[in-house]
Each structure stands twice: as C-alpha cells, then as structure tokens.
Amino acid sequence: MTVDEGALRTASEQGGPALSGSKRTHARAHIVLPAYNEAASLPPLLRRLAEVALTEQLTAWVVDDGSSDGTAEVAIAGVPGLDVRLVSHAVNLGLGQAVQSGLRAVLAEAGEEDVVVVMDADDTHDPSMIRQLESEIAAGADVVICSRFVAGGDDATAPALRRLLSRGAAVLFRRVLRVEGVRDFTSGFRAYRVSLLTRAADHWGERLIEERGFACMVELLLKLRHCRPVVTEVPLTLRYDRKQGPSKIRIARTVGQYVKLLVRDRLSPAPYRAL
C-alpha cells in the first residue's frame, strides 16, 4: 500500500483544533472518509461533521485515493471547528486500500477507548448518527453497523440496480456466513471499537483488508468475527439524493468480488490462535 505520509495535514494548520497529546477524559471518534474525486461532496459533509464536533471529540481523516479533482485541497483547507487530517495515495488503489490506509493512520495515534467510524465521503451518510454509534459502543458493542435492512432503515433514494445488489448480497451473506447480529453486510457506514481493530491488525497486518473494491466491507467483517465481537445494527436512512456525481460502484465487478470473497472465506483456515 502506498501512503504519502508527507501529505498528512491537520486543520490546526489553518486555525482549527488539533488533537492534544495529553490524556483524554472522553473517547474520541475518528471518522475515516475514503474519498475518490469527492471535491464537490466533501465541503457540505465536513460542515456537518463540524456541527457534530461542537459536542463530541471528533477527528476527520480524509483518505484521498488518487483523486484528480482537488479532493486533497478541500481536505487541507478544512472547515472551522473540525480537526481534519489528510492521508494521500499517489494513485487510485481502490476503496479497500483507502479504508486500510485510514485505519492504519488512526490506529497509529488513537487511544484504546476511542471509536473509529468509517463512512462514505459522498455526503449520503448522516453525521448526526455518530452520537448514536458512540452510545452503542459505550453500551458494550464492538461493531455497530448502520443498516438499511432493520426496522426504520431506508435506501429508497438509491438507484434500483444498487438496491438490488445490496439486497441480494444481504440475503446471500446471511444464509452463507451467518454472522450473528448482522443483516446489512455491505453497509459502508460503521463504527468500531479501537481495541478490536488493534487486535485484528496485530494478527493480519497488511492483510487486514486485501479486497480493493466494495467487497472490502464484507472482508473486514469476516476477519473481525474471529475476535468474537458484539455486533449491533442501527437503522440507516441513506441520503443518495445528496450525492454529487455518478456512483463509482461497478455492479458486475462487485458481484464477482463478492463471489471470490465467499470462496476464499470457505477455503481459508481460521486463525491458529485466539484473537
């Protein structure tokens, strides 16, 4: 994985709040935003995150995955009141490697009691849910999935083919994988306890996420299950009507990735030691 460490910036360079090196009394939420050509969507999303940061300790980590539209510049400019960090890929490596880079950057500095939230950078996920996700983690969950497929969830604004893919994948994975507490395997909006990710990263290292595309969200969940996490779901209303530009998902390619992931999961042995 190629990460341009020199591109790591903070909003404090533009006058925003920086992370303190002193001991924190409350858990911080680290928001990982994989971004490929999201210069139009990032400003409103960062402003919404800044509103959440008024009452929560928050850091946004924008992972620019080789964008050509000024995504990195938007992240560097930041917004008032929000600590924004930038991690850059020199070339486009795909969603999986963007998530991997974001998690690595967070784990290098986060506290064991902190929370990592991964969400889309296209402004289709509601940052106000971060408080609910933190509450679920504080109540004992290790992974919290924002789910379209529990009571109160809704993805009516998404394109028909994408909805069909999501539903088909959910049915297939529930029947084949049977991970307790999970209905929405492919949701890109999740919260993780930092200590859980640390245990998994210590075991898998660079192989924590190997999928390059959208199947990475399922892959990460399958690897984390070996840590025996407590998984809960909260209803998600997907705001696809706020999306700027076309979807980056390729239906046929993603289906192929899901199939290969299932085959690899069936053939791969469980970890040789308890995680």
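I looked up V263 and found it partly exposed, because its relative accessibility is 45% (buried means under 20% relative accessible area, exposed over 50%, partly exposed in between, with a 1.4 Å probe and protein chains only). V263 sits in helix 8, residues 251-267 (helices, H or I, have at least four residues and strands, E, at least two; both are DSSP runs numbered from the N terminus).

A note on the source: this is a predicted model, where local features need pLDDT of at least 70 and side-chain atom pairs pLDDT 80 or more, while totals for chains, interfaces and linings use all residues. Residues are numbered from 1 along each chain as its sequence is written, and side-chain values use heavy atoms, leaving out hydrogens and water.

Next I searched the whole structure for salt bridges and got 14 (a side-chain nitrogen of Lys or Arg within 4 Å of a carboxyl oxygen of Asp or Glu).

I picked out E206 and R104, whose side chains form a salt bridge at 3.6 Å, N to O. E206 is in the loop between helix 6 (194-204) and helix 7 (216-224) and R104 is in helix 3 (residues 95-107), so this pair ties together parts 102 residues apart in sequence. R104 is partly exposed at 39% relative accessible area.

Then I checked D155 and R167, which meet in a salt bridge at 2.7 Å, N to O. D155 is buried, at 2% relative accessible area, whereas R167 is partly exposed at 35%.

E210 lies in the loop between helix 6 and helix 7, and K223 in helix 7, 13 residues apart. Salt bridges with shared partners join R207, E210, E219 and K223 into one network.
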